[in-house]
Amino acid sequence: MALTFKNSSISLILSIEGIIVPTSSLPMTAFSRQAAGRLRSVSLWARAFSYAAGLLMLFGLIWLWTDAEALTRHARSTIGIGIDNAPVAPSARGYWTAFALAWIPAGLFILAMLRLGRLFRAFGEGRVLVEENAAGLLSVGWLLAGFGAATPIVRAVQSMALTFDNPAGHRQIAVMLDPGIFAALAAGATLIAFGHVLREAIRLSDENQSFV
């Protein structure tokens, strides 16, 4: 009796007194096709979501800082300045300084979403256990962790910038923490851990292939 492995199929060949009779042929490609199809579908939706999230951050930031009413709500609820119902009216240099600072966490988030979209594109193409994906996963994790860490610092500096030219006694510095910051830090730490796990899995896979 002999086992022959060929083209992802298993053929069992029974040899009796020189007569070779094929008894069964079990193709193993159907499951692989189904798994690859599901991976492509999930990757397509995840990539679209990643790019959409990046675009929403970009357009949302521009809208927020060009709409006076939205900026007032943002300054009170998110940055933490303002104690009455008067509109937030920063000086020109305070406004542009705070606006420029807003691009630091926004840029980190947008870059993370672009990297994540590229990562899901590789998954959809069937490239999973490759070093590039491990590096990409680590990059996304560090970018999200940086976004979470930079956000409260930037908001504190923005609160100073927006009130810098206020009269004495009306300048403020506010430190605001919200669940979104901790969620970004947790997501970043998780992706960093997964990146190291994927890198180790790639190393073990390469070692196993070298023995075959």
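I take a polar contact to be a pair of N or O atoms within 3.5 Å, where within protein one atom must be able to donate a hydrogen and the other to accept it, and where residues adjacent in sequence count only if both atoms are side-chain atoms. I note that this is a predicted model, in which local features need pLDDT of at least 70 and side-chain atom pairs count only at pLDDT 80 or more, while totals for chains, interfaces and linings use all residues. Residues are numbered from 1 along each chain as its sequence is written, and side-chain values use heavy atoms, with hydrogens and water left out.

**Entry on α2.** I take helices as DSSP runs of H or I with at least four residues, and strands as runs of E with at least two, numbered from the N terminus. At the start of α2, I found a side-chain oxygen of D67 within 3.2 Å of the backbone nitrogen of E69. I call a residue buried under 20% relative accessible area, exposed over 50% and partly exposed in between, with a 1.4 Å probe and protein chains only. By that rule the buried residues of α2, which covers residues 68–79, are A70, L71, T72, H74, A75, T78 and I79. After α2 comes G80, with a positive phi near 100 degrees.

**Entry on α3.** G126, which follows α3, has a positive phi near 90 degrees.

**Entry on Y95.** I located Y95 in helix α3 and noted that it counts as buried, at 17% relative accessibility. Counting heavy atoms within 4.5 Å as contact, and leaving aside neighbours within four places in sequence, I find Y95 in contact with W65, T66, L71, P90 and L162. Y95 and A161 are 66 residues apart in sequence, yet 7.2 Å apart in space from C-alpha to C-alpha.

**Entry on the rings.** I pair rings of Phe, Tyr and Trp (its six-membered ring) if their centres lie within 6.5 Å, with planes under 30 degrees apart as stacked, over 60 as edge-to-face and the rest as tilted. This gives eight aromatic pairs.
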